[in-house]
Amino acid sequence: PQTSEQKGVAERVSQLGAGIKVDKLDGVSVMTAINKILGVDTYKKNGILPPRESETPMLYGEINYVVLNPEWKIPPKIIKDEYYAKMVKNSARVINREKLFIVDGRTHKRVIPETILWNKVNPKNNPYQLIQSSGTHNALGLIKFHFPNGESVYLHDTNNKGAFKRRNRALSHGCVRVEQPLELATLLFQMNDYDEEEMEQVMII
C-alpha cells in the first residue's frame with residue numbers, strides 16, 4: 001500500500017501533467033515524467049536508478065540549482081559497505097585511482113592519508129569523509145541537479161556512460177543518473193529565460 005507521502009507525490013505529479021502511477025516509476029518513466037513536467041517531448045533519454053535494495057525513495061522537489069564539476073562526498077553507508085575493506089587492504093591505491101581526498105568529520109580539516117590506520121578505524125563509527133575530486137573521473141560526472149529533499153537524492157551526470165546501454169540499469173545507489181545531462185540543463189535554462197550568451201557563460205565546464 002502507498003504511504004501518505006507517496007500518494008502526495010502521485011497527486012503532485014498528476015497535477016503537473018505527468019500522470020504516472022507511483023508504483024510504476026522506473027528509469028523510463030522518470031524520464032517521461034521529466035518530459036511532461038517540463039512540457040516538452042525532446043528529452044527522450046534513459047535514466048539509471050538503484051536496485052530494489054537501495055531504491056530511490058518517493059519524493060517531490062523542484063530543481064533549485066545545478067553544480068558544474070561537482071565533487072562527490074561519498075555517503076557513509078557506501079564507505080562502510082564498499083570502501084572500508086579496500087581502504088584497509090591498500091588505501092593509497094584506492095585514493096590514487098579514484099582521486100580522493102580525506103576530511104576528518106570532527107575537525108572538518110583535510111587529513112594526510114598516510115596518517116590513517118584503516119585497520120584501527122571502526123567501520124560503524126568512521127569519522128573520516130572520503131571526497132572524490134571534480135573532473136571527468138568523478139562518479140557524478142560534470143553536472144549535478146539539486147532539489148531540496150531529506151534523502152540526499154539528486155539527478156546527475158556519470159563517468160560511466162556505457163551503463164546506459166545495458167538492459168538492466170538498476171545500478172545507482174539512490175540518485176538518478178541522467179544520460180544527456182547537458183541537454184537537460186539547456187532545457188531548464190531555456191525555461192528560466194536564459195539567452196544564448198548567458199547559457200554559454202553558465203555552461204563553461
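His108 counts as exposed, at 62% relative accessibility, where exposed means over 50% relative accessible area, buried means under 20%, and partly exposed is in between (1.4 Å probe, protein chains only). His108 lies in the loop between β4 and β5, and its phi is positive, about 60 degrees, although His108 is not a glycine. The model is predicted, so local features need pLDDT of at least 70 and side-chain atom pairs count only at pLDDT 80 or more, while totals for chains, interfaces and linings use all residues. Residues are numbered from 1 along each chain as its sequence is written, and side-chain values use heavy atoms, with hydrogens and water left out.

Another loop residue tells a related story. Asn69 is not a glycine either, yet has a positive phi of about 50 degrees. Asn69 sits in the loop between β2 (65-68) and β3, and at 30% relative accessibility counts as partly exposed.

Now for the sheet. Helices (H or I, at least four residues) and strands (E, at least two) are DSSP runs, numbered from the N terminus. Strands of a sheet pair through backbone hydrogen bonds, either parallel or antiparallel. Here, two strands pair if DSSP finds at least two bridges between them. The four strands form an open sheet in the order β3-β6-β4-β5, with antiparallel pairing. At the edges are β3 and β5 (109-111), each of which pairs on one side only.

Strand β6 (residues 128-132) has four of its five residues buried, so the strand is largely enclosed by the rest of the structure. One of its partners is strand β3 (residues 72-73), which pairs with β6 in the antiparallel sense over two bridges. Across that pairing, Lys73 stands opposite Ile131 in β6. Strand β4 (residues 100-104) is also antiparallel to β6, and five bridges join them. Leu100 has Gln132 as its bridge partner in β6, while the partner of Phe101 in β6 is Ile131.

Just after α3, Lys99 takes a positive phi of about 55 degrees.

Which parts of the structure do the buried residues of α3 pack against? They pack against β3, β4 and β6, with contact meaning heavy atoms within 4.5 Å. The buried residues of α3 include Ile78, Tyr83, Met87 and Val94. Leaving aside neighbours within four places in sequence, Glu98 is in contact with Tyr83, Lys86, Gln132 and His137. Ser91, also found in α3, counts as buried at 18% relative accessibility. Not counting residues up to four places away in sequence, Ser91 touches Lys86 and Trp118. Lys89 and Asn119 are 30 residues apart in sequence and 8.5 Å apart in space, C-alpha to C-alpha.

Helix α4 (residues 181-191) has buried residues of its own, among them Pro181, Leu184 and Leu188. Asp193, which follows α4, has a positive phi, near 65 degrees.

That leaves the aromatic rings. A pair of aromatic rings is described by the distance of the centres and the angle of the planes. Rings of Phe, Tyr and Trp (its six-membered ring) pair if their centres lie within 6.5 Å; planes under 30 degrees apart count as stacked, over 60 as edge-to-face and the rest as tilted. By this rule the count is two aromatic pairs. The rings of Phe189 and Tyr194 have centres 5.0 Å apart and planes at 40 degrees, so this pair is tilted. Phe189 counts as buried, at 9% relative accessibility, whereas Tyr194 is partly exposed, at 32%.

A charge sits over a ring if NZ of Lys or CZ of Arg is within 6 Å of the ring centre and within 35 degrees of the ring normal. Arg106 lies over the face of Tyr128, at 5.7 Å from the ring centre, and Arg110 over the face of Phe101, at 4.2 Å.
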